[in-house]
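Please open the model in a viewer and follow the stops below in order. The tour moves from the whole chain to single side chains.

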Amino acid sequence: MSWNLESLYAGGAQSAAYCAELDGLERSIGELDEALRAASTVAPAADVSAAVQPQQAEALLRLPEWTERLQAILLRLRQAESFVSCLLAQNMKDDAAAACHDRVQTLAAAYQAMLTRYDAALAQLSDQSWRALLARPELAAVAFGLEERRLQARERLAPELEALAGELAVDGYHAWGELYNTIVAQARFRSPDASDDQEEWLSAGQMHNRLSGGDRALRERAYDEWERVWEAQAPLCADALNRIAGFRLKLYARRGWESVLKEPLQLNRMSEATLTAMWSAVEAGKAELTRYLGRKAELLGVERLDWHDVEAPLGAAAKTMPYDEAGAFIVERFRAFSPAMADFAARALQEGWVEAEDRPGKRPGGFCTAFPVSRQTRIFMTYSGTPSNVATLAHELGHAYHQHLMDDLPPLAQEYAMNVAETASTFAEMLVADSALQLASDPQERLGLLEDKLGRAVAFFMNIHARFQFETAFYERRRSGLVSAQEIGALMTEAQTEAFAGTLGRPHPHFWASKLHFYLTDVPFYNFPYTFGYLFSSGIYARALAEGPAFAARYDALLRDTGRMSVEELAQRHLGVRLDEPQFWREAVRLATSDVEAFMELTAR
């Protein structure tokens, strides 16, 4: 249940090979940056649409070489970032790893500064020169990414200012995001299982699993303790959140960007029309889920569900599954759809790619991270045997398979957005959940599986929507100045009440303080892509059901294209649907809520 990091770099943060790799990265970034600086000293063309000027001639000559070098650096930097992230996740008090992480962040900032100069070279090319460049056969595979970078560069500040902002962000913007890790590493929670005269303390990762246990009394005590600790940390968390938002808003204003959604939509390669169509369908589909939540409250013997009840298993339906059994179960379900997907998952489980042990010192949550130089991935989670844990393992293995399918593509073509990244993971969850449901004959087992599936729909339709509504409201309030911890809590409560359509009893006012996603500085609005991925994969899953095993090859082809086209183009090419219109989303919502009736019938008996 513990992953193998030694096969990547022996010795952890003290690894000689890892330190040498960081030294090499520093040299490679510096050398390419120097080449780009030297090329930019040639006077640029006064009119970018004019014939080829000296600087453009230099760029045309050198850009294929620069692009090859940049992509090699990108792979190595992603590997370096993944390794130190794994070290910190497995032990939040690893000081040596924290020092390495600071150095990696500095290298990432240097890379971004260099990338800004590279992008400026793309932006300064005339249209004629640009067409000539993209005609080069060695650039055909990354043409989409280059076109995207060129257009985005024209919407940003001058290269020197963008580079300066990136360098200052290391000890400013990103440092505020890192404060969350410091806070969560020091947070200690009194175990809900401990008696009054016992002192048993849990880490945030361990305590979070207690919030969805089967015993409501223990769950309620865990929730009270969770809220108590995060309320105590709220002033520090509010400082961090305010500074992160303030940095973004000031940078956006300098770029002339009015909407805080411009960057997240751009990063996710989707239009605002698509986002609007998706949320509209979600709102319409909530009525079915409120029926499910109302019935669940009845079964738990409460008038309305408190926050800690929403993901709780139902009475006798609650059971745990040993880790090895869960792994075999997932591989078997994958195999029914795709032998290649099953073989990959089996390899990941057998070769020590998964960190799942329930022990102190780990950070909460789960993730999958890529080591593209080694062509491997690593999965992080804390496994305690709950149905939610099994779903998380399947989810992260789906991420890993997605990366596996892209390992042989050029690095720039592997840079897929978060929303489509969540497609493969959510699809993997659906494969496991649906096939298990079909095989279940025991009513209690069937109830548990139905409840788990519908719980995920609630998470994506309501929990994620609450996060989106909260962040939208918070950023609007932040424009007028600092927002106090009390005000932020009120915004969170209001968003949860609205997103859950009034079905919540006690909400989670300090969810904003406890959730890592609000403090991530590399991806703003780390919320709506989850719902996109869930519903997009629902639509894909419907195709898989209709077409059977023959769809597996089309599914792989869709995943391989996720890094080289917009989501609208991806859906049109592989599914023949428009995402900026409501029809696709309505059908996906109907599929996602189709189990409500079965749940109501089963629980009525």
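Helices, as counted here, are DSSP runs of H or I with at least four residues, and strands are runs of E with at least two. On that basis this predicted model has 24 helices and five strands in its chain.

Begin with the whole chain, displayed as a C-alpha trace. The radius of gyration is 24 Å, close to the 25 Å that the globule rule gives for 605 residues, so the chain is as compact as a globular protein of that length. Along the principal axes, the trace spans about 80 × 55 × 50 Å.

Next, colour the chain by accessibility. Of the 605 residues, 58% are buried. Switch to the surface: the accessible area is about 24400 Å², and carbon and sulfur atoms account for 51% of that area.

Now display contacts between residues at least 6 apart in sequence; 76% of these join residues at least 24 apart.

Select the charged side chains. There are 61 positive and 84 negative charges, and their mean positions lie 2 Å apart.

Finally, select the cysteines. How many disulfides does the structure hold? The number is zero. Zoom in on C100, whose closest cysteine sulfur is that of C19, 5.4 Å away and therefore too far for a bond, given that a disulfide requires sulfur atoms within 2.5 Å. C100 counts as buried, at 10% relative accessibility. Then move to C368, which is likewise in no disulfide, with the sulfur of C86 the nearest at 9.1 Å. C368 is partly exposed, its relative accessible area being 22%.

Note on methods. Residues are numbered from 1 along each chain as its sequence is written. This is a predicted model: local features need pLDDT of at least 70, side-chain atom pairs count only at pLDDT 80 or more; totals for chains, interfaces and linings use all residues. Side-chain values use heavy atoms; hydrogens and water are left out. Buried means under 20% relative accessible area, exposed over 50%, partly exposed in between (1.4 Å probe, protein chains only). The radius of gyration is taken over C-alpha atoms; the globule rule is 2.2 Å times the number of residues to the power 0.38. Contact means heavy atoms within 4.5 Å. Accessible areas come from the Shrake-Rupley method with a 1.4 Å probe; for residues, only the protein chains shown count as cover. Lys and Arg count as positive and Asp and Glu as negative; His and the chain ends are not counted. The place of a charge is taken as NZ of Lys, CZ of Arg, CG of Asp or CD of Glu.
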